[in-house]
Structure formats: structure tokens, C-alpha cells
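The sequence and model come next.

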Amino acid sequence: MTNSNENHSSTAKGTLSSRNETPNTKLPSARGASSSRSNNDKNNKNKNNNKAQELIALSSTSKSIAASLAHIEGMEASGNFLSAIFDQMWHHTNIAVSNTIKETLEPTLKEMKVPLHFVKLDLGSVPIQTKNMFIHRVDLDVTHAGKGKEKAAGIQIDVDVNWNGNCDIMLQATMSHSIKVTFGVKSIKLSGRMHILLSPLTTEMPIIEAVQYGFTNPPEVQLEFTGAVKSLASLGFVQSQLVSIIQDSLASMLVLPQRMVMPLDLGSYDYFDTYQPPMGMVRLAVASGRGFTVLQKMFLKDIPDVYCKLTLGARNPCRPAFQTTTKYDDLEPCWKDEHCDFILYDMDQKVYVEVFDEDKGPLDPDDELGKAEISVRDLFRKDGEVELELELDGVRTECFVTVTAELFHLSKELQSLTSAKYMGKNELCGLATIIVTRAFDIPIPKEDAATHVKVVYGEGSEHEQTFYTGTVTDYPGYDALNPMFDCAFQVPLTWAMQNERSSSSSSPKNSEINSESRRPSITTTPSHFKSLRNLSMRFLKVDNSKRNDITFILIDADGANGTTGHGELGRTTVTQDQLLDAYEHTVTETRVIGDGGVKLEFRVILSGIQSETEKLVWATLENTRLSRQQSSDTVFRSLYGGMHENNVVFRITALRGRGFLIRKRRIGKKDVPDVYCSIRLECMGDDHHRDNRQRRKVRKQQYSPWKTSMIKDTTMPQWNESREFTGVDPNMHFLRVDAFDSNKGGKDDLLGSVEFSMEKLVRKRILEMELLDEGTSTNSYITLQCVQVASTEKEAGGSVPNNIGYHNNDGHALIEDGISDDDDEEEDVVAPLRTHTAPASSHPAKNQDADHSTGSKSSIGSRSSFGSRGSISKRISKVRKSGKSLPKQLGKRLSLRKSSKKSKK
């Protein structure tokens, strides 16, 4: 293997020549602050403006974001080891792939004009060969719970796949009821570039949660037929149609944006984290052409009437290839201001250009002048503008076209949905992402279940689009009553889709938006961005009219055992208003959608788009907002949500930590940390529509911390200690973890802290989180585990208050009567007391000189011996009657009560 600074990718066909022009960008001045504002606000605004202007100026002179994304670091390899693996297991691969091909293609073949079915299917003895492997890291910014972004790491393997199979395939065509013709396929050639994505990576075995694989671009497929296909003219169409069916089937399953997903760690697998979102949107154009010559046709000379077709990656049946206008009698055509937007999923996706000479006669098809292709990565390496030489039947034509590209980024800001800058023809203004993960409690017999989900965007509107997940039936390894669909669909949004009813520029609302959108794009005043955001949101809500709602329909089809399907089992709708109101415009829910109690889990994300300049400006303002937010009380918000079950008992286990630093205390002496954790459950309440006073009040609602045992002299402590928390609502509660280095002679040192939602921990089950020191990375991590034990209502036999209770030694919830909101904080309801420890052989604290050998010796653990108020009062009265002195701990509690009563009076 050798190190490489650039990813291996297929080079463009023909000659590449870049045209680099540095634009002279004149930056408009920022709007001044209002004279009524304070000097501090003016200074902050000027700092924001100056910083944003500096970023924009830097972006115009340095490498663009797109160019930086086009250059990645990784390692190249020959790919021989993968070829060796395929060679050794080809016998098993042959059988498995043959069965999959038969099950996938045969239903489509039976619906052809001349029905076909497989008689024999054997892929032969020649295995798949791989070469030109490139291995690189994939880091995605994932926002969780409104606490900033974290990296979801993964490894991507890009490799060329070639197969020249000596297969033995026999098909039968049913010409009529009595006439059947058999023919064969003796060889298949398939070549393309495949990506294998190992993501996300964890710190628990088996490290990789899931494997995803597929082709980056449509592979080339060639079939060689034998038998009646060559001799019978009536079967001549079968050759091209069969190749088309194979390519369409591959595109629907294995070509971006489609990938096959194979979970490896079912304990922590979550498709919401496994799903890879698009990189953004790319605006492609054929700017001009040159080198075209006069054509000789019969007895006349024909000056070509040139037009181009442009596609990116796999063809989208809902969106045909972009076609330019025809330039009549022009040897050097120019297509100014003609472009089209495409969703970009990978930098190695290819741009395909086909050039034609238009012919007017109905019996005279358009003549192909040539074609060219180039990857988006190579295009941006040349600063987004490349001249390509056309090829016709593999021969260079000395005709050239210039292709340009501009990258736009997905954003949670939705100004582009109503901005006039994105209302041009063939332009996109946003993206709706729909993810369907699974269903629960299908109310039909397991052997009869054959369910799938139908998703409809904009039902009843002019832009209605329909998608289908795969069908899940009863099969070994699959749960037909709790099926996993794990499908994602993207709906590219245009300005017309969002503004159908207000397309007229004379509309007051529309003119208001357009006037805002036509202001200089590089405006850095925060108040202007805030007003534009509010205006766009108000406009989208008023004008939506349900034309952008998303409907989920769970359907039971005919079962594999011949049973008749039950039809629609339930449906639910996510409105655009719900998306606009949701945190980061993301709705994640598990909804009850049918009368039989069936539930469906899904996520819908509404995204806008931003140019590179807009992205830099908004990033500056966002960083400013986050810095202000960290210095004040903020509302904890989560991207998950939709967990309707509350009053649940969860067992949370502090497993281990890593990455703690060895510090120097004195000359020649190193201090290895003695680490313990303080874990506290907190409730933030409803985070919508709260003023600052309510936020501060909710923020004070904290619960006494649970302290783990202290593990001495290690940077990799292992606790394996658990506590049960009762009455937990995953939507309302979150965990705060503080790690300390214990000091005998002074105050313990804080090593770092982290906060995250209970929803995230419940979904992931095992979660490693990085500790932060005042927002700064520490490279130290804590791993927790969460298991749902039971529902509090089931344990108690009825409803219990939605708060955090605690347990006695028998594990039953203790409910304190007579405790009012006016009681002192010491008497507030506290965290649970039951402690679970690992066996002595596996518990590090048992074999070390720890201050607290078990969790029962922590500061919170002593409360279980006191019980409630009544038991404390009885014990105090008994001690006084006996004439003995009060125990030290009971005396402290009594003095605390007296002081709290005096303060209340």
C-alpha cells in the first residue's frame, strides 16, 4: 500500500483543459446598527460583520469548499485481496446471487410483452475481480440534542469491479398458449466502481454497526445471447429490453442514492445514524461548444443544429435528463444561463454529456455528435470548469464542450425555499428527506404478514410523488410483525412547489419576499437574517395549503403463502407546518397509525440550500449565537422525539472511560488520575414557547447525583456499576455526566462534562460520549449503557407521578407522602439508590485500593438507610427517649430541617 493525497477516480474521457478566472468580487458594506441600541450591541455587530467579510474575502482568493472536498487523503491498494476472497467463496456466492436474481427479476420478466421466466440460472465458474482500491475515512457532522455537532466516523472503500462471467442461463419466452421458445445467455460482462461503507464506527465490538455497499454510477452491462433470440426476428427486442431491465433493477437497489444495508451489530444498530445524507446540490451547465463541422447529407451540406443532454449518476425516472435549447446553424454554440440542479451524493458521481444534431423530419432521428463524461471530483479539481472532447463510438471527434459546476450545501435555514434567487427554471431551492425505519405490532398472523410502506409527497397536488419500501415477509432472521424497512427517499424541492398559489409577482406576500431576497446576498447584519428567517417561515405557513404534506401508508399485500392481503393497516401525515415548527425542521416519531395499535417509526427532514458565500456568513452568525447560548440558560432540545412512553424504569450502567491525561504535579512526579463520575438526571420540561424566567425555573429542577466508585491510578477506568431510574420520560429528561480526579488533600479536579438526551441513550443502548471542558474538546470519553427494565405503571399497578423516584433494597419504588414544592432541596425527590455491580473477578474496584469499593458507599447511597420522613422522625424520638446521643448522620439531617424551617419563616 502507498499513501496518497488524492482519491482514485476515473478520469474524464478526452482532453481536459481548465479555465481559471479569479472573479473580482466587490463586497457591499454591512448595514449599520440602529442608533437606539447599546454600544455593546454595536460593537458585537461590527465584529460579526468584519469576521463575515473576512471569511468571504478569503473564500474568493483561496481554494473553495468544493475544491477542498474534492481532495481527500487515503490509501491506495491493488484490490487483489478482495479478488482472492471472491475466488475462495465463489461457489457460495454463485448460489446466493443466482437465487436473488431469480427472485428480483422474474416478476418483471413475466409482465413483459412476451413473458419470460428462468429455466436455468448458473453464473459459471469465473469469479468477480477487483482492482484500483482506495480506502479513506468518512466523517459526517451529526447534530444531536442541540449540543453542537459530533463526528460520525466511517471508512469507505472505493474499488473497481469487473466480471466476465461464463454463465449458463436459460430463459423461456411464451409466444402463445401453445408456442414456447427457449434461448440462453452464455456470457455477462459487468464493470463499474463500487463503494463499501463501514459506518458508523463504535468503540464496542464488533466496532462496525453496519456495512453499506453499492455502485457509485450505473455499471456497464453487456449480454451475449445464444439460441432463438438470434434466429427469430420476433424476439429481437428481447436483447435490448433484457439489458434495460437488468440496469433498472441495479439502479433501484445498488446505484446511488440506493445502497444495500447489512447490520453487523444489532444491539446498537440504528438506521437513523447509519443513513448517509447527500453532500449537497450541484448546479451543472454546458456553457459552450466548439469544433463542430458542416455535415454532408446526401446531396446537401447541413450546418448542425446542436443541443445537449446532461445527467448526473443514475437516471431519475421522476426527473428526466436536462436538455438545453437547440442552437440552429451554429458551429460554436453557446448556452448562456442554461443550467440544471442535481442532488449530489458522492464526489465520484459522473456527469454524462450527450450532444445531438436536431433533425426536423418525423422519420429522421436526431444524429448523435458525441458524448463525454467526467466525475464531479475531477470537475471541482479544475475549479468547476472543464472543456471535454467528445467521443463517438470510442473515437475522438475533435469537438469540444465546456462543462461548469457550482456546489450548494444543505442547510437548516429555509430562506432558499422562498428566495427569488432560487426560482429559476430547473433550479432547486431545498430538499425533503423521508426515512422509514420500522413498524411495530402488526395486528395480523405472522405467517400472513407481507407489509410495506407507501410514502406520498404532496398528495393530490401537481407535483405529487410516490415511493415504496421493500416488502417484509415471514422469513428466518426477519420479524414480520415488527418489520425493519430502513429506506430513505429524497424529494428535490423547487420554488414552484413551495409557492404554487403565489407564483404571481404582484402578490403582496410574494413581492415582500422577493424584495427581501433581491437585497445584496452578502448581508452580515444578524437582525436582517433573523427578519428574513421569520418572513420566510410566515410565508411558507400561510401558503402551504397541504400541497407539501407527507403521508405514510402501511399496507399488507398478498402473503407468500398465498393468503390475501389485508390492505391498508393505517396511515399518518406529517404536515409542512409541523416541519417548520420542529427543532431544526426535523420530525422523528413513532406514531400509532392504525386501529389495531400498529406503530410506524419515521423521520422527515426539511432542508434549504446555501451557496458557499451564504454558508460562510451563516456559519459566522451561528457560532456567535452558540457562544451567547452557552453563557446563558438554554433549553435542551433533541432531534429524536416521538417517544410517547413515559414513567419507565431504565437501568443505566457506567461501563468505562478512556483518554484521561497523566498530569505533572511536581518536578519528576506524575499524577495518574483517580477517576470517578457524578451522573445526574435532569428534567428540562417542555422546550417550546418558554420565556427566560420559565427556563431558569426549569433549569433548577435537578436531581441528586449518583457517584460511581473511584478507580485509582488509571487512564482507562472501568466501573460496570448500574442504577435504576424510575418514572423517566425520554422526551423530558437528559443526563449530565461529570468526571473528576479525586484528590485526598484538596478539592477534586473536574476532568470534563457532557450532557445528552435520554432519547439518544435509549436508542443507542451503548453510547460513548466525549467530555468537554467549557466547550473545548478533552479527548476523554465515557461509555454508558441503558436498558429499559419495565414500566413504572406496571410495577406499581397504576399511575404514578411523572418524576424520579428511588428504590429501597427490595427494588420497590418508595413514594414520599406529604412532600410539597416548598420543601428544601435536600428533601426533593432524588435519584434511585439500587446499585448493581459486576462480579468481583471482573470489577476493577475490587482489586484496587479504591476509596469506594461499591456504589453503595457513594454520597447518595446512604439515603436508603434513612427511608422517608416518617422513619427518620421515629428513629430520632426513640434515640431521645433512650437518653443516648444522636448518631452523627441523623444529627446532620435534623439540623438541616431546623435551618430550612427558620429560613421559610
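In which helix does Phe81 lie? This is a predicted model, and in it Phe81 belongs to helix α3, which covers residues 80–88. Together with Ile85 and Met89, Phe81 makes a nonpolar surface patch of about 270 Å².

Now for the ring pairs.

| Pair | Centre to centre | Angle between planes | Kind |
|---|---|---|---|
| Phe183 and Phe225 | 6.3 Å | 50° | tilted |
| Phe408 and Tyr422 | 6.1 Å | 75° | edge-to-face |

Where do Phe183 and Phe225 lie? Phe183 is in strand β8 (residues 180–198) and Phe225 in strand β10 (residues 220–227), so their pair ties together parts 42 residues apart in sequence. Phe183 counts as buried because its relative accessibility is 2%, and buried means under 20%. Phe225 is buried too, with a relative accessible area of 4%.

In the edge-to-face pair of Phe408 and Tyr422, Phe408 comes from strand β21 (residues 395–411), while Tyr422 sits in the loop between β21 and β22 (430–440), so this contact ties together parts that are 14 residues apart in sequence. Phe408 and Tyr422 are both buried.

Charges meet rings as well. Arg290 places its charged end over the ring of Phe400, 4.2 Å from the ring's centre. Over the face of Phe272 lies Arg603, at 4.4 Å from the ring centre.

Definitions and conventions:
Residues numbered from 1 in each chain as written. Predicted model: local features only at pLDDT ≥ 70, side-chain atom pairs only at ≥ 80, totals over all residues. Heavy atoms only, no water. Patch = residues over 30% accessible without salt bridge, like charges linked within 9 Å, V, L, I, M, F, W, Y side chains within 5 Å. Areas by Shrake-Rupley, 256 points an atom, 1.4 Å probe, with all protein chains shown as cover. Salt bridge = Lys/Arg side-chain N within 4 Å of Asp/Glu carboxyl O. Helix = DSSP H or I, 4+ residues; strand = E, 2+ residues; numbered from the N terminus. Phe/Tyr/Trp six-rings, centres within 6.5 Å; stacked < 30°, edge-to-face > 60°. Buried < 20%, exposed > 50% of the residue type's maximum accessible area, 1.4 Å probe, protein only. Lys NZ or Arg CZ within 6 Å of the ring centre and 35° of its normal.
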